[in-house]
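Here is a short note to read beside the model. Please keep the structure open and find each residue as it comes up.

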Amino acid sequence: ELALIPAIDFQTRQVLPLFFTVGHTERRQKRKDGWFRNMQNTLDSRMDIPLYYRKGYQTGKYRGNPLYSRVRYSLESDHVNIGAHAKKDPGEGFYDSFGGYAMIRNKGIVRSAVIGDYRASWGEGLVISRGTSIGKSNMMSNTSQGVRPMTGMSESGFLRGIAITLGRQEDWSRRPKFSMSGTLFASYRALDATLDAEGDAKTIVENGYHRTETEIAKKNNTRSALVGAHLQADIGHFSIGATGYWQHFDRPLAPGNDKYRRWYPQGQDFGVIGLHGGYSYYRWTASAEVAYSTMRGGMATLGRVQWLANRNLKIGVLGRYYDHRFYSFQAAAICE
């Protein structure tokens with residue numbers, strides 16, 4: 001929000017947290033220990049009322065009213081995050097989308113454990129990276145954020161199930177800091193799909209709209225199960241990790257015989273595995289990832305090097321290679 005104020009530039013926003021804080025000091029002093037230390041609750045709602053009517057409302061094609069509405073609740077503390085939401089898109093009936101999560105953080109060897117809706121991203125995003133990035137500057141940003149709860153309203157781009165990250169961290173005197181972590185994650189959720197005459201999934205639909213009879217018929221007609229793992233070690237300024245997952249659809253994916261669909265994913269079982277590494281020191285940052293998909297044996301690579309000349313100048317080089325046979329349903333790497 002501060003970025004929307006022209007009088008506050010980037011440098012000022014970076015400095016402000018060093019001098020200002022917002023909170024309830026007396027409450028925090030009373031809660032020194034416990035799972036819900038520094039707890040805060042948030043409840044927000046939004047409704048959009050359009051000043052125009054699309055043709056679908058006039059003809060009765062849309063089953064609901066043109067209002068957009070959402071309700072979201074979240075509880076945050078030092079060790080526990082809990083949240084839930086409900087959403088209705090324009091043209092839909094009553095609330096059509098629901099989600100929620102419960103997450104534990106930084107308790108002993110457990111770095112994070114979440115059940116419900118969550119996102120995960122590691123490396124350069126070639127294997128798995130479910131999140132949001134805006135702007136050209138994000139092309140040079142690290143997408144490795146681990147497991148985090150799904151706090152947004154999107155009806156796609158997330159996993160629904162359970163994930164746990166275990167790890168330890170050691171800091172030896174006169175030696176580089178060493179840390180290691182491992183993550184196991186699983187997901188099972190319903191998807192929207194366009195079906196062909198044989199009942200196979202021709203296209204996975206991710207827009208989340210269920211306004212017309214045709215769109216409602218696609219709702220939750222396909223199921224997807226996914227299991228995966230991630231392992232990472234950080235030694236001083238270096239990091240190295242491996243990520244992989246296997247995904248199964250209850251319907252075969254059959255994109256059809258159109259020429260532009262020739263290399264679309266086909267079948268029911270898909271797997272992806274990748275290796276990534278990075279180096280960061282002072283003003284230099286370098287990282288890369290190599291991934292392989294079991295569907296037709298496709299390869300993909302992505303690497304970048306960045307140098308911070310000063311606070312106003314950043315120079316970066318990015319290179320990539322995507323084989324036309326490579327495909328990952330959970331990937332979100334640079335595609336421009």
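**Notes on strands and salt bridges**

1. Start with Ala-233. Its relative accessibility is 14%, so Ala-233 counts as buried, the cut-off for buried being under 20%. Keep in mind that this is a predicted model.

2. Where does Ala-233 lie? Ala-233 is part of strand 10. Leaving aside residues up to four places away in sequence, Ala-233 touches Ser-179, Met-180, Phe-238, Ser-239 and Ile-240. Now look at Asn-312, which is 79 residues from Ala-233 along the chain. The C-alpha atoms of these two residues are separated by 32 Å.

3. Next, follow strand 10 to its partner. Strand 10 covers residues 222–235, and strand 8 covers residues 178–195. The two run antiparallel and are joined by 14 bridges. One place to look is Ser-187, which stands opposite Leu-226 in strand 10.

4. Strand 8 also pairs with strand 9, residues 201–205. These strands run antiparallel too, with 4 bridges between them. Ala-193 has Ile-204 in strand 9 as its bridge partner. Strands 8 and 9 form a hairpin, with 5 residues between them. In the turn, Gly-199 has a positive phi of about 90°.

5. Now turn to charged side chains. How many salt bridges does the model have? The count comes to 13. One of them joins Asp-44 and Arg-70, whose closest N and O atoms are 3.6 Å apart. Asp-44 sits in strand 1 (residues 40–48) and Arg-70 in strand 2 (residues 68–76), so this pair ties together parts that are 26 residues apart in sequence.

6. Asp-44 also forms a salt bridge with Arg-72, at 3.4 Å from N to O. Arg-72 lies in strand 2 and Asp-44 in strand 1, so the pair ties together parts 28 residues apart in sequence.

7. Asp-44 is at 22%, so Asp-44 counts as partly exposed. Arg-72 is at 23% and also counts as partly exposed.

8. Finally, check Arg-46 and Asp-48. Their salt bridge has its closest N and O atoms 2.8 Å apart. Arg-46 is partly exposed, with a relative accessible area of 39%. Asp-48 is partly exposed as well, at 29%.

Methods
Residues are numbered from 1 along each chain as its sequence is written. This is a predicted model: local features need pLDDT of at least 70, side-chain atom pairs count only at pLDDT 80 or more; totals for chains, interfaces and linings use all residues. Side-chain values use heavy atoms; hydrogens and water are left out. Two strands pair if DSSP finds at least two bridges between them. Buried means under 20% relative accessible area, exposed over 50%, partly exposed in between (1.4 Å probe, protein chains only). Contact means heavy atoms within 4.5 Å. A salt bridge is a side-chain nitrogen of Lys or Arg within 4 Å of a carboxyl oxygen of Asp or Glu.
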